[in-house]
Amino acid sequence: SVILFLDEVNTSSCMGVFKELILDRSFDGVPLPGNVVIIAACNPARSLTIQSAGVLRQDDYGRDWALGHYQVRALPGSLAAVKWSFGALGADQELEFVSRRLEQEAAFEQQADGALGEHERAAMARVICFSQEALREFSEEHLRARIAAACPSLSATDVAAEAAERAKTAVSLRDVQRVFVFL
């Protein structure tokens with residue numbers, strides 16, 4: 001089998017190609033071989049358009065692109081129909097992931113003198129998870145204030161719910177992976 005992983009498909013301008021690959025199982029009209037398995041990942045698209053200084057977010061895409069930011073687009077209906085949301089890891093799941101990842105790092109580094117011991121790995125896992133949660137909390141506070149200012153017609157409850165939902169994705173497991181570069 002050949003596994004083709006397409007990452008961040010909804011940050012691309014060629015979702016039609018992804019639709020053809022994923023749903024039609026073809027490329028440029030040519031059927032894919034039966035041994036090709038396609039897996040795709042996308043980022044959460046936000047339905048709320050935030051206004052900042054009178055400029056609609058959707059009108060500000062050109063400036064964002066020029067600054068190196070990417071735009072997350074809603075999936076077309078055909079792709080949205082086959083989307084499966086995994087959601088965010090809970091605190092216990094995140095700690096388990098980080099702990100297991102640290103164990104893997106220790107196994108690779110056992111030949112080296114600088115390998116972390118069991119107690120150091122447990123402490124490091126707690127510190128990493130604490131920092132992830134602190135960033136989520138900081139993001140939620142910042143987002144709550146920004147959404148409330150940009151969307152005054154939203155109720156406080158809706159502002160809080162939107163900020164909490166967006167803050168879940170303020171950090172990622174990719175951020176955890178970056179920690180291991182420094183170990």
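Start by selecting S139: is S139 buried or exposed? S139 is buried, at a relative accessible area of 16%; buried means under 20%, exposed over 50% and partly exposed in between, using a 1.4 Å probe and protein chains only. You'll find S139 in helix 5; helices here are DSSP runs of H or I with at least four residues, strands are E runs of at least two, and both are numbered from the N terminus. Leaving aside residues up to four places away in sequence, S139 touches A167 and A170, a contact being heavy atoms within 4.5 Å.

Some ground rules before moving on. Residues are numbered from 1 along each chain as its sequence is written, and side-chain values use heavy atoms, with hydrogens and water left out. This is a predicted model, in which local features need pLDDT of at least 70, side-chain atom pairs count only at pLDDT 80 or more, and totals for chains, interfaces and linings use all residues.

**Stay on helix 5**

Select E140 and R144 next. Their side chains meet in a salt bridge at 3.1 Å, N to O; the term means a side-chain nitrogen of Lys or Arg within 4 Å of a carboxyl oxygen of Asp or Glu. The two lie four residues apart in helix 5, about one turn of the helix. Both E140, with a relative accessible area of 23%, and R144, at 35%, are partly exposed.

Now pick R136 and E133. They form a salt bridge as well, with the closest N and O atoms 3.2 Å apart. Why can they pair up? They sit three residues apart in helix 5 (residues 118-150), so about one helical turn separates R136 and E133. R136 is buried at 15% relative accessible area, whereas E133 is partly exposed at 36%.

**Over to helix 4**

Select E96 and R100. Here the salt bridge comes in at 2.7 Å, N to O. The pair is four residues apart in helix 4 (residues 91-109), so E96 and R100 are separated by about one helical turn. E96 is partly exposed at 38% relative accessibility, and so is R100 at 46%. A search of the whole structure turns up nine salt bridges.

Most residues other than glycine have a negative phi. Jump to E8, where phi is near 55°, a positive value in a residue that isn't glycine. E8 is in the loop between strand 1 (2-6) and helix 1 (15-24). Then try D28, another non-glycine with a positive phi, about 55°. D28 is in the loop between strand 2 (26-27) and strand 3 (30-31), and is exposed at 67% relative accessible area.

**Last stop: the cores**

Select L6, V9, M15, F18, L21, L32, V36, I38, L75 and L79: these 10 residues make up the largest nonpolar core, that is, a set of buried Ala, Val, Leu, Ile, Met, Phe, Trp, Tyr and Cys residues joined through side-chain atoms within 4.5 Å. Helix 1 and strand 4 (36-40) each supply at least two residues of this core, with the largest share, three residues, coming from helix 1. Zoom in on I38, which touches L4, L6, L21, I22, R25 and L32, not counting residues up to four places away in sequence. A second, separate core has seven residues, among them A125, I128, C129 and F180.
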